[in-house]
Amino acid sequence: FEIRQTVKTLQRDYLCEGAEAYYDDSIDVYTSVKIAIEWPEKMGDNDIKVLQDSLLAASFDSVVPGDIDRTMILSAERPEGIDMFKLKVVDSIPSTSLVRVYLRNLIVSAITFSPEFIVYQIMTETYEGGAHGMYESHYINYSFANAKVISNSDAFIAGKEETLLQAVKDCLMTQCNVSSMKGLEELGFFTDQIYVTNNFFIRGYNIIFHYNPYAIAPYSHGSIDVVVPYYQIEDCLTPEIKQLIIKGANF
């Protein structure tokens, strides 16, 4: 099973001209875009056009269909702050002086693979001023056999939402070493906001439900991965995802 990926990277730095009037100080303001993508070129004998198109659509706001290079360039031309400042391309951002830097980073990488499926993580980080930046991860589970991204409805049987939710809560309590929802609340979790996220990925015999900052807990908790074993929710899984998990875990 031949795998061929190309690591594509791009960085573009800008000086935000006129920013001193906006901030009422003399500190120079810059904005930076960094993009790094593991771009699939070949995955065995599978037709991966749908995979490539899905990665483009999930990773970028504006897409040049079928063209990762032009899409990356287009994205780099619209950094954070473009709606507020006139931007001037610079070779680099000074590291020896006091500056204010907006940023947008994008990293796309394959994190799990088998001849049955592949999982990509799409990580974004932005900073637009304020106390801290924001970072998020989203996942694509792609089935080679069915040539499609596995959606929530592809993975989970309709009508099993309450069972899935209880499994997520039980596993989260186990991970946090508490025995009740009250215990989670005391740790700072938003217990009335815990839900079954569509943002999940397959790893071994587990399904990991990923929650970005603020989704079910304060920013200080960071991203939260709730690991739910296959056997615990087997009755909630469709035959399609069961087959992927079993074959993939045995690879």
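In the predicted model, Asp53 and Lys49 both belong to helix α2, where four residues, about one turn of the helix, separate them. Their side chains meet in a salt bridge with an N to O distance of 2.7 Å. The spacing of such a pair follows from helical geometry: an α-helix has 3.6 residues a turn, so residues three or four places apart point the same way. Side chains of opposite charge can pair when their charged atoms come close. Asp53 counts as partly exposed because its relative accessible area is 30%, which lies between the limits of 20% and 50%.

A search of the whole structure identifies eight salt bridges. One of them joins the side chains of Asp69 and Lys8, at 3.0 Å from N to O. This pair connects distant parts of the chain, with Asp69 in helix α3 and Lys8 in strand β1, 61 residues apart. The two partners fall into separate accessibility classes: Asp69 is partly exposed at 39% relative accessibility, whereas Lys8 is buried at 16%. A further salt bridge is formed by the side chains of Asp83 and Arg78, with an N to O distance of 3.7 Å. Here Asp83 is exposed, with a relative accessibility of 72%, and Arg78 is partly exposed, with 48%.

Helix α3, which spans residues 68–76, contains the buried residues Ile68, Thr71, Met72, Ser75 and Ala76. These residues lie on the same side of α3, because the arc they cover around the axis is only 135 degrees. The elements that cover the buried residues of α3 include strands β1 (3–17), β2 (28–43) and β4 (99–113), together with helix α2 (49–59).

Asn105 is buried because its relative accessibility, 18%, falls under the limit of 20%. Apart from neighbours within four places in sequence, the residues in contact with Asn105 are Lys34, Met123, Thr124 and Glu125.

Aromatic pairs number 13 in the structure. In the pair formed by Phe1 and Phe113, the ring centres are 5.3 Å apart and the planes stand at 55 degrees, so the arrangement is tilted. Phe1 lies in the segment before β1 and Phe113 in strand β4, so that distant parts of the chain, 112 residues apart, are linked by this pair. Phe113 is partly exposed, with a relative accessibility of 27%. The ring of Phe113 also pairs with that of Phe144: the centres are separated by 6.3 Å and the planes by 65 degrees, so this pair is edge-to-face. Again distant parts of the chain are linked, since Phe113 belongs to strand β4 and Phe144 to the loop between β6 and β7, 31 residues apart. Phe1, Phe113, Tyr142 and Phe144 together form one aromatic cluster.

Phe144 is buried, with a relative accessible area of 6%. When neighbours within four places in sequence are left aside, Phe144 is in contact with Phe1, Met43, Asn46, Phe113, Ser114, Pro115, Glu116, Phe117 and Ile118. The C-alpha atom of Phe144 lies 9.4 Å from that of Gly44, although the two residues are 100 residues apart along the chain.

Strands β8 (residues 200–203) and β9 (residues 206–211) run antiparallel and are joined by four bridges. Within this pairing, Arg203 has Asn206 of β9 as its bridge partner. The two strands form a hairpin with two residues between them. In the turn, Gly204 has a positive phi of about 60 degrees.

How values were computed: Residues numbered from 1 in each chain as written. Predicted model: local features only at pLDDT ≥ 70, side-chain atom pairs only at ≥ 80, totals over all residues. Heavy atoms only, no water. Buried < 20%, exposed > 50% of the residue type's maximum accessible area, 1.4 Å probe, protein only. Contact = heavy atoms within 4.5 Å. Arc of directions from axis to C-beta. Pairing = 2+ DSSP bridges. Phe/Tyr/Trp six-rings, centres within 6.5 Å; stacked < 30°, edge-to-face > 60°. Salt bridge = Lys/Arg side-chain N within 4 Å of Asp/Glu carboxyl O.
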